[in-house]
Amino acid sequence: MTANASSDGLMEEIVGLCKRRGFIFPSSEIYGGYNGFYDYGPLGVELRNNIKQAWWRDMVQRRDDIEGLDSTIIMHPDIWKASGHVDGFSDPMVDCKESKLRYRADQLFFAPVIVEGDTIGYVSVIECPEQQEVAEQAAAALKRKAAKQGELAPIVLKDYTESKPEEYELIPSPATGKPGSLTAPREFKLMFETKVGPLADDSATAYLRPETAQGIFANYKSIVDTGRVKIPFGIAQIGKAFRNEITPRNFIFRSREFEQMEIEFFISPNADWKTLHREWIDTCIDWLVSIGLPREGITEDIHPEDKLAFYSQATTDLMFQFPHGEQELWGIACRGDYDLMQHQKHSGKSMTIFDEATKEKYVPHVIEPSLGVDRTLLAVLSAAYTEDEVPNDKGKVEKRTLLKFSPKIAPVKAAIFPLLKNKPELVERAQALYKKLQRRWNVFYDASGAIGRRYRRQDEIGTPYGITIDFDTIEKDGTVTLRDRDTCEQRRVTEDELIAFLEEQIDG
Ligand code: GAP
C-alpha cells in the first residue's frame, strides 16, 4: 500500500523531516529563529543546487536562444523608481490595535452574519483551504450566543480590502475574536531598504532587489550590444530576492529572503505573442514534470483581463497542489514593452534593437516566466513525501517514510554499502566503488547497522539507489546488488551496467 499523508498533516511531516534530516532549519535558530527566513542544511543545499542546475541546464545551456546573467542584488535606486517598485510595490495591510498583530488585508476574510434579514455581527477568518467551513462554524456559534431564532443566510466571504469604513469597527480581529480593534487597510511597502556609502541621508537609500527581473532589464542593452543575440531571445538569471512580506508563512512557500529563476524572453512587437506565451506555459509545465512533479498536480490560473496590471497583456500562473492548498508556483506574464520603455525613459539610453530578419528597429516586447527556487523545492518535497509499508530484514511488515525524488534532483544519488563492516575485503571493494562514483555524483557510504536499516535511512532522504557489495561480488562475478528505493526491488548488475544505468537516470 502506498499513500501520501493527509494534506492536513503533510506540511507538519515535511517540516519535521526537513529539520530531522538536515534539509531546512529555521534561520538563527539558536536565537529563537527569525520569522520568514530559513537556512538550508547539508541535504537541502544539495537539493536546492540540483533544482537550480537542472533549470539552468534546460533553460540556458541546452537552448540556443537564451543567455545567462548574474547581476548584483543592490542596484542603482533609480532602477526601482523606473520599474515602479518604489511607488507601487506594496501589499494591503491591516493592524489589530489590541494584539499588535499585523495581517495582509487580502488574506483576511470576513462576512456579515445575517439571520432573517438582521445582521447580528461579523465573522473573520485568515485565508486557508477550509476558510468557508471555519467561517460558517463561527457564524453558527454567533447565532447561538445571540439566541437568535430563524435561518442563517449563506456566509459570503470577502477579503478585508473590500470592507467599507463603517465595517472596520464591526469585524472581529482574528487575534482576539472581538470587533473594534482592526484598522483600515493601508499599503505596506515590501522592499527592504538599506544605505550605501558613508552618508546616512535619503540620498544613500538603496534597496535589496525584490525580483531578479530588473537586473535583466538593466543589463539588456549591454547584452544586445556585446552578444550575438537576435530576436527572439531570452536572458535568464538565478538569484536571491528579498521582500518584507507582512505575513511570511507556510514554511518556505512565502519567505522574506528567497531565490528566483527568471527569464525575460524578448520578442518582436509584431510577433504572435499569444502563441509564444502558450509555448512558454507548455515549456514550464514540461520542465516541472521533468523534475518529478506530477502533471495532475499542476493547473493553470489565467488572470482575468480586468485584474491585469495596466501594462500586462496576459498572465497565467502555474498552480500546484501544495500541502496548504492550490497555490501559485510559476508566473508566466506577457509584459509588453513596459519595462524597457520605462528604463529607456529614466536612463535616457535607447533600448531599441535592430531585427536582422525584418530590418526593423524597435523596443522588443517581453514574456516573463518567473519561478521561485524555494517554492519549487517545497513542491518537490510535497510531491515526493510518501509513507508506505514494506517488509524488514526479518520479513515483518513495517511502516516507512520515503522521499520519491527524481534521480535528477535527489540530493544523494546512490548509497554504497558493504554487506558487513567487519570484512575488510567487502569494505575495501565498497570503498573503491564509492570513490569511483563520488568523482561524478554526490554519493554516500554507509557501513553501520543492519542493511535494512541502512536502506531505510536512505529512503527517508530520497536516495534513489542502494548498492550493496556482498560475497558474490568478491568471490563470484563482481556484480553488485542494485536496490530501487520506490519498489525495493533488487537486481544484480555489473559495474559497467551500474554506471550506464546511473548515467541514464541521473544525467539523461
Ligand atoms: N518578476 C516577476 C515576479 O517577481 P512574482 O509573482 O512576484 O513575479 C515570481 O514572483 C515567483 O517568485 C512566484 O511565482 C514564486 O514562485 C516566487 N516568490 C515570490 N514571492 C515569494 C516569497 N515571498 N517567497 C518565496 N517565493 C516567492
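**Entry 1: Ser 28**

I began with Ser 28, which counts as partly exposed because its relative accessibility is 32%; buried means under 20% relative accessible area, exposed over 50%, and partly exposed in between (1.4 Å probe, protein chains only). Ser 28 is not a glycine, yet I found a positive phi of about 55°. I located Ser 28 in the loop between strand S2 (24-26) and strand S3 (38-40). Helices (H or I, at least four residues) and strands (E, at least two) are DSSP runs, numbered from the N terminus.

I note that this is a predicted model, in which local features need pLDDT of at least 70 and side-chain atom pairs count only at pLDDT 80 or more, while totals for chains, interfaces and linings use all residues. Residues are numbered from 1 along each chain as its sequence is written, and side-chain values use heavy atoms, with hydrogens and water left out.

**Entry 2: other backbone points**

I looked up Cys 488 next: its phi is near 65°, a positive value in a residue other than glycine. Cys 488 is in the loop between strand S26 (480-484) and strand S27 (490-493), and it counts as partly exposed because its relative accessibility is 23%. I also checked the peptide bond from Ile 231 to Pro 232, which is cis, with omega near -5°. Pro 232 belongs to the loop between helix H6 (213-226) and strand S13 (233-242).

**Entry 3: strand S17**

I counted 9 buried residues among the 12 of strand S17 (residues 325-336). Strand S16 (residues 314-322) pairs with S17 in the antiparallel sense over 9 bridges; two strands pair if DSSP finds at least two bridges between them. A hairpin of 2 residues joins S16 to S17, and Phe 322 stands opposite Gly 325 in S17. S17 also pairs with strand S20 (residues 365-372), again in the antiparallel sense, over 6 bridges. The bridge partner of Trp 330 in S20 is Leu 371.

**Entry 4: cores**

Which residues touch the most other members of the largest nonpolar core? I found Phe 23, Trp 55, Trp 287 and Trp 330, out of 59 residues. A nonpolar core is a set of buried Ala, Val, Leu, Ile, Met, Phe, Trp, Tyr and Cys residues joined through side-chain atoms within 4.5 Å. A second, separate core has 21 residues, including Leu 426 and Ile 467. Not counting residues up to four places away in sequence, Trp 287 touches several residues, among them Trp 55, Met 261, Trp 330 and Leu 371; contact means heavy atoms within 4.5 Å.

**Entry 5: whole chain**

I noted 13 helices and 27 strands in the protein chain. Of its 508 residues, 50% count as buried.
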